[in-house]
Amino acid sequence: MEYLIHIGILIGIYSILALSLNLTVGFTGLLSITQAAFYGIGAYVTAILLTSYGMNFFLSILVGMFISGVISFIIGFVLSRFDGDYFALGSFGFNIIVYSIFLNWQSLTRGPLGIPGISKPELFGLDFNENIVFLGLVTIFALLAYLLSEFIVNSSFGRVLKAIREDEKVIQVYGYNTLFYKLTIFVIGATFASIAGAFFASYITYVDPSSFALSESIFILAIIILGGLANNKGAVLGAFCLIILPELLRFVGFSSDIAAQMRQVTYGLILVLLMLYRPQGLLGEYKL
Amino acid sequence: MPILETKKITKHFDGVYAIDGLSVGFEEGKITGLIGPNGSGKSTLINLLTGTFPFDKGSVVFSSSEEVKELLPYEVSDYGITRTFQDVRLFEQMPVIDNILVVLTKRNVVSSLFEKHKKFHLDKAEEVLKKVNLWEKRDELAVNLSYGQRKLLEIGRILAMSDGFGNNSNIFFFDEPFAGLFPEMRKIVIGVIEHLKQQGKTVVLVEHNIDIIRELCDHVIVLDNGKLLAEGTPDEALAKREVMDAYLGE
Ligand SMILES: Nc1ncnc2c1ncn2[C@@H]1O[C@H](COP(=O)(O)OP(=O)(O)OP(=O)(O)O)[C@@H](O)[C@H]1O
Ligand SMILES: [Mg+2]
């Protein structure tokens, strides 16, 4: 049971991440490979504020969202000068930069040692120490992220995002200053990712840079490509599939070591197969 | 009075002068034909006037009063300009109706976030799509339309730009809207252009078919190598020796 709850919590956290990335990649067509950076910022902000300042978890989420928002605004502004492949390259450059900062700003992040002892959330005397309660909380936030994503993509704003994805030059001629739209969605996606980071930090009780490397961004991208770009249900479904997959591998008898290694191989394989046979993913409404 | 004029505008690509010190004007409420051999700069002129490329030199004058040296793509609709593309450019992986709705809704990030299209948006989209005979196809993805339907959808999209919801386009550039269309579709497009004229809109029509030019246009501008070769009423312009030479010399 504990084990299922653990899987459930991970699915919740990764659903938020996948929803956040789907806003930029799936709906807006900006191939951003830097989501782990904002995920990491959220995680570190919560880790530092909880361990060093005893701040409330929920308050730390807000601070993390604010900091990710400001940083993503700057990164998004720089990236707005690039198109297509260059955008993707630039974005993963930023992931590497942020990762190096986690690793090297030792006075703040303790570098490779990481930050242990992060506590569980508390609100009005209610604590979320029990994993089942924590799962409830994550689920609520994942649901909120889902509803908010649906609200955004079904608005007039969301339709403009899709038009930017299809042909940015054309939608500009019809009177849209697309820079503002791209920046707004990039920042919204980054703040969502930082919420996921806060939950991750508090759940695992420990953060270190390795959780927010480039490979993590690629993993999140794999989730939405599998689930289906430009579909919020697809993002959640993708998170579900790619989180339980390694567990299934363990069940069919691979030892945990091998399962861990197989994981990377399977993700890679899934991506290649999808690109070949079903580029729109399971529920996707858009092909890269 | 010309609603839109160019003053010695120039655009070169590498060594080629696509538009070469060109000064022309488009009269308000008239249909102006823009013709010339392949590669004479017709599409480039439209691209310059809609901010798709910046021009190297010269300026653009609106209503003989406002002169600008630069046109940004997202500003041209504020000047009332809208256009189609020679190589039809749709929002491919969006439904037909969304291709129309997207130009009807608010142009501001915050207000568009809190806006969902309303009944009057849908009504307008319905009106436009019925005009171009695509209402039955409204839920189809644009990418699945036939070539002719794609051209018609693009024309529907610029009709929606004169919707009265804040983007009142009054200068319409059509870049070869008839190319590759069946006769019944041509009739639809002719109807659209004539209707725009009745509404007092300014139309610029790039077209190779001389019969259509004679039938529709009040005035014709002939380009050759990015320069003005001739202009006048269709009969005048087309009768000129140099125009015949330019066409025959192809
Ligand atoms: N984006 C571009 N890059 C490089 N050269 C270009 C570009 N666009 C146009 N040209 C060149 O500019 C010249 C004018 O091209 P343009 O497309 O304006 O001609 P056109 O009159 O529209 O011809 P057509 O009747 O074939 O559509 C041509 O020599 C063309 O090769
Ligand atoms: Mg052309």
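Guide: Start with the salt bridge, defined here as a side-chain nitrogen of Lys or Arg within 4 Å of a carboxyl oxygen of Asp or Glu. One case is B:Lys124 with B:Glu127, whose closest N and O atoms are 3.5 Å apart. Before going on, note that this is a predicted model, in which local features need pLDDT of at least 70 and side-chain atom pairs count only at pLDDT 80 or more, while totals for chains, interfaces and linings use all residues. Residues are numbered from 1 along each chain as its sequence is written, chains are lettered from A and ligands numbered from 1 in the order in which they are written, and side-chain values use heavy atoms, with hydrogens and water left out.

Visitor: Where do B:Lys124 and B:Glu127 lie in the fold?

Guide: Helices (H or I, at least four residues) and strands (E, at least two) are DSSP runs, numbered from the N terminus. B:Lys124 and B:Glu127 sit three residues apart in helix α4 (residues 119–131) of chain B, so about one helical turn separates them.

Visitor: Is B:Lys124 buried or exposed?

Guide: Buried means under 20% relative accessible area, exposed over 50%, and partly exposed in between (1.4 Å probe, protein chains only). B:Lys124, at 14%, counts as buried, whereas B:Glu127, at 40%, is partly exposed. Salt bridges that share partners join B:Lys124, B:Glu127 and B:Lys131 into one network.

Visitor: How many salt bridges are found over all chains?

Guide: The search of the whole structure finds 16. Another of them pairs B:Arg157 with B:Glu154 at 3.7 Å, N to O. These two residues are three apart in helix α5 of chain B, again about one helical turn. B:Arg157 is buried at 0% relative accessibility, and B:Glu154 is buried at 2%.

Visitor: Which parts of the chain does the salt bridge of B:Lys197 and B:Asp218 tie together?

Guide: The side chains of B:Lys197 and B:Asp218 meet at 2.8 Å, N to O. B:Lys197 lies in helix α6 of chain B and B:Asp218 in the loop between α7 (210–216) and β10 (219–224), so the pair ties together parts that are 21 residues apart in sequence. B:Lys197 is partly exposed at 32%, and B:Asp218 is partly exposed at 25%.

Visitor: How is the interface between the two chains read?

Guide: Begin with contact, meaning heavy atoms within 4.5 Å. By that rule 32 residues from chain B and 28 residues from chain A take part. Buried area is the accessible area (1.4 Å probe) that two parts lose on being put together, summed over both. Between chain B and chain A it is about 2700 Å², with 61% from carbon and sulfur atoms. B:Tyr74, B:Gln93 and B:Leu113 supply 24% of the area that chain B buries against chain A, more than any other three residues.

Visitor: How many salt bridges and polar contacts cross between chain B and chain A?

Guide: A polar contact is a pair of N or O atoms within 3.5 Å; within protein, one must be able to donate a hydrogen and the other to accept it, and residues adjacent in sequence count only if both atoms are side-chain atoms. The interface has two salt bridges, one of which joins B:Asp98 to A:Arg159 with the closest N and O atoms 3.6 Å apart. There are 16 residue pairs in polar contact, both residues at pLDDT 80 or more.

Visitor: How is chain B divided into domains?

Guide: Domain bounds come from an automatic or database domain assignment. Domain 1 of chain B covers 1–80 + 170–250, and domain 2 covers 90–168. Their C-alpha centres lie 25 Å apart. In the contact, 18 residues of domain 1 of chain B meet 14 residues of domain 2 of chain B. The two domains bury about 1200 Å² between them, 75% of it on carbon and sulfur atoms.

Visitor: What does a buried residue in chain A look like?

Guide: Take A:Thr34, in the loop between α1 (2–27) and α2 (35–53) of chain A. A:Thr34 is buried, with a relative accessible area of 0%. The side chain of A:Thr34 reaches the backbone oxygen of A:Ser91 at 3.5 Å, and a polar atom of that side chain lies 3.4 Å from the backbone nitrogen of A:Asn95.
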